[in-house]
Amino acid sequence: MTEGKANSRKSHHRRPAFQMRISTKYAPRKAPDGQELSCIKDTSLRPEQMIELYRYLKLTRLVEERVVNLYRQTKVVGGVYRSLGQEATAVGSAYALRPEDFITPIIRDLGACFVKGIRPREIFAQYMAKAWGPSGGKDLNVHFGYMDKGFIGPISHLGDMIPVMTGILLGARMQQKDIVGLAYIGDGGASTGAFFEGMNFAAVQKLPLITIVEYNHYAYSTPTSMQTAIRNLVEKAAAFGIPGHIVDGNDVIACYEVTKQAVDYARSGRGAVLIEAKTYRRKGHAEHDDQRYIPEGEIEWWEKHNDPVNRFEKFLIDQNIATTEKLAEITADVMREIDEDSEWAESSPMPEAEGAAYGVFDNSIVPPAFRPKVLEN
Ligand SMILES: Cc1ncc(C[n+]2csc(CCOP(=O)(O)OP(=O)(O)O)c2C)c(N)n1
Ligand SMILES: [Mg+2]
């Protein structure tokens, strides 16, 4: 053995068993007393892109408000899930993707669906289970997908979208397609077996998977501290040997920048990245949840001091990117679109009952004994 080889072996042994590659560059900051939180100033975004981000944030918040309105009029079928207070995470991260990239959103990621080109009318029709909705009344809320828009409909089973996205990325690599996948998961979902299996496989295969864990403090009524012993969910990245970042999930610019960095890393063939977004779920699990398990004053604190829309408005005005009048104009335009689209969705008929027999299974392989009369016509 040459001396050089012996030395290199020695230095190999001196390396730690694993390195925690966790960055907190985009981590939450505490505002000095009396100072309102804003957004990070170090950004590559152009002013017109920031205005577009603002539009997506407002669209998300106001579409959800309209859905609640429809729910209270008993026009919605099933539950209503909100991302109130978390909109910046979904919007900022999805904005860092190319149109051909894929996302797997969950119930707090409506904003990412809009960035991917979903229109409010589709969301309204879907929530009301109407015939003109994307799943034609066969499924509800964000349970629909568009392969051509890179938007995969979520499976309800928590954690399972991670191996699904991993499979999509493996398939894409085999087809020599240059795409990146962005999977969203909650703090609760990150404790499932499927999350670990999918992340591990993506890591070992160096697949371009970016997973955003949304630390929103609760899974249903369970506080995060009661379902995982680690403080920062990003520490799980060490188990997979991939880099991790903590980001202030209520800072839309920080969410964009951290995801952009991860996207560049993944697209260049270096593999998967885990991002933990620190945010807060201001509504209950769904509209029916009265949130009686939340400590007094907690929601109000986040609403007053750490609202992602207010923070971005402050940033845009302080940085002279927009005036209050300009922001009001954007909001009015968003409202116009919402009015038009909710009217369109309300005017849609309910689906024909026979439709339930189609588009669920491959009807050509339904055993004859189970084939209802309607399929034979
Ligand atoms: C494997 C599995 N277990 C339980 C559920 C029921 N369930 C649906 S959402 C939810 C809480 C999810 O919490 P979290 O992952 O933190 O996401 P959040 O709702 O906070 O965005 C639970 C327990 C499920 N869908 N799948
Ligand atoms: Mg949660």
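**Ligand contacts, strand pairing and aromatic pairs**

Good morning. I begin with the ligand: one of the nitrogen atoms of ligand 1 lies 3.0 Å from a polar backbone atom of leucine 158, where a polar contact is a pair of N or O atoms within 3.5 Å. This is a predicted model, in which local features need pLDDT of at least 70 and side-chain atom pairs count only at pLDDT 80 or more, while totals for chains, interfaces and linings use all residues. Residues are numbered from 1 along each chain as its sequence is written, chains are lettered from A and ligands numbered from 1 in the order in which they are written, and side-chain values use heavy atoms, with hydrogens and water left out.

To continue with the ligand, a backbone N or O atom of glycine 188 is 2.9 Å from an oxygen atom of ligand 1. Tyrosine 218 likewise places a backbone N or O atom 2.9 Å from an oxygen atom of ligand 1. Ligand 1 exposes 590 Å² when taken alone, and the protein buries 72% of that (Shrake-Rupley method, 1.4 Å probe). The residues surrounding ligand 1 number 13, the closest being Arg108, Asp187, Gly189, Asn216 and Tyr218; the criterion is a heavy atom within 4 Å.

Tyr218 also belongs to a cluster linked by ring pairs, together with Tyr280, Tyr293, Trp301 and Trp302. Rings of Phe, Tyr and Trp (its six-membered ring) pair if their centres lie within 6.5 Å; planes under 30 degrees apart are stacked, over 60 edge-to-face, and the rest tilted. The structure holds 14 aromatic pairs. One of these is a tilted pair of phenylalanine 196 and phenylalanine 240, at 5.7 Å centre to centre and 50° between the planes. Because phenylalanine 196 lies in helix 7 (residues 193-204) and phenylalanine 240 in helix 8 (residues 237-240), the pair ties together parts 44 residues apart in sequence. Helices (H or I, at least four residues) and strands (E, at least two) are DSSP runs, numbered from the N terminus.

Is phenylalanine 240 buried or exposed? At 10% relative accessibility, phenylalanine 240 is buried, whereas phenylalanine 196, at 32%, is partly exposed. Buried means under 20% relative accessible area, exposed over 50%, and partly exposed in between (1.4 Å probe, protein chains only).

Strand 3 (residues 181-186) and strand 4 run parallel, joined by six bridges; pairing requires at least two DSSP bridges. Leucine 182 has isoleucine 210 in strand 4 as its bridge partner. In strand 4 (residues 209-215), seven of the seven residues are buried.

Key:
Polar contact = N/O pair within 3.5 Å; in protein donor to acceptor, adjacent residues only side chain to side chain.
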